[in-house]
Structures are given as structure tokens and as C-alpha cells.
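Trainee: Hi, could you walk me through this one? I'm new to it.

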Amino acid sequence: MKLFHLPLDEAAEAIGICSTALKNVCRKLGVSRWPYRRVRRSERKREIARQYREALRLRRQAGK
């Protein structure tokens, strides 16, 4: 189950453990910080790029 798209508290709740236990497990597996913000930032950048490409496409079509 991929939960990195959720805040730590929500991810812990989804699997039925407390956030401290989830942090401890992650650290043992080499995940030093919960990557939620990093994942969200990447998703947002992709969305902005998609919107930009769509705007360019529409502008080209309008010019024809």
C-alpha cells in the first residue's frame, strides 16, 4: 500500500497504528523523513507543466 501521498497522521491511521510507530518503522527501513511534502510538490509541478502545455496548445489552435 502506497501512503506517501498522505500526511503522516493519515497514513498511520489508514494502517491502524500510531504516527510514532510509523515513524519508527520508517526510520528502521531507511526513510528518515515522511516524504508527503516532497511528493505533493512534485505532483504540483507536474500539474503546472500540464496546464502550461495545454495553454500553449490552445493558443496555437486559436492562431490557425
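This is a predicted model: local features need pLDDT of at least 70, side-chain atom pairs count only at pLDDT 80 or more; totals for chains, interfaces and linings use all residues.

Trainee: Great. How many helices and strands does the protein have?
Mentor: There are 3 helices and 0 strands, counted as DSSP runs (helices: H or I, at least four residues; strands: E, at least two) and numbered from the N terminus.

Trainee: And is the protein spread out or compact?
Mentor: The protein is more spread out than a compact globule, because its radius of gyration (over C-alpha atoms) is 18 Å, well over the 11 Å that the globule rule gives for 64 residues. That rule is 2.2 Å times the number of residues to the power 0.38. The C-alpha atoms fill a box of roughly 60 × 20 × 15 Å along the principal axes.

Trainee: What share of the residues is buried?
Mentor: Buried residues make up 14% of the 64, with buried meaning under 20% relative accessible area (1.4 Å probe, protein chains only).

Trainee: Which residues form the largest nonpolar core?
Mentor: Leu3, Leu6, Leu8, Ala11, Ala12, Leu22, Cys26 and Trp34. A nonpolar core is a set of buried Ala, Val, Leu, Ile, Met, Phe, Trp, Tyr and Cys residues joined through side-chain atoms within 4.5 Å.

Trainee: Which helix gives the most to this core?
Mentor: That's α1, with 3 residues.

Methods: Residues are numbered from 1 along each chain as its sequence is written. Side-chain values use heavy atoms; hydrogens and water are left out. Buried means under 20% relative accessible area, exposed over 50%, partly exposed in between (1.4 Å probe, protein chains only).
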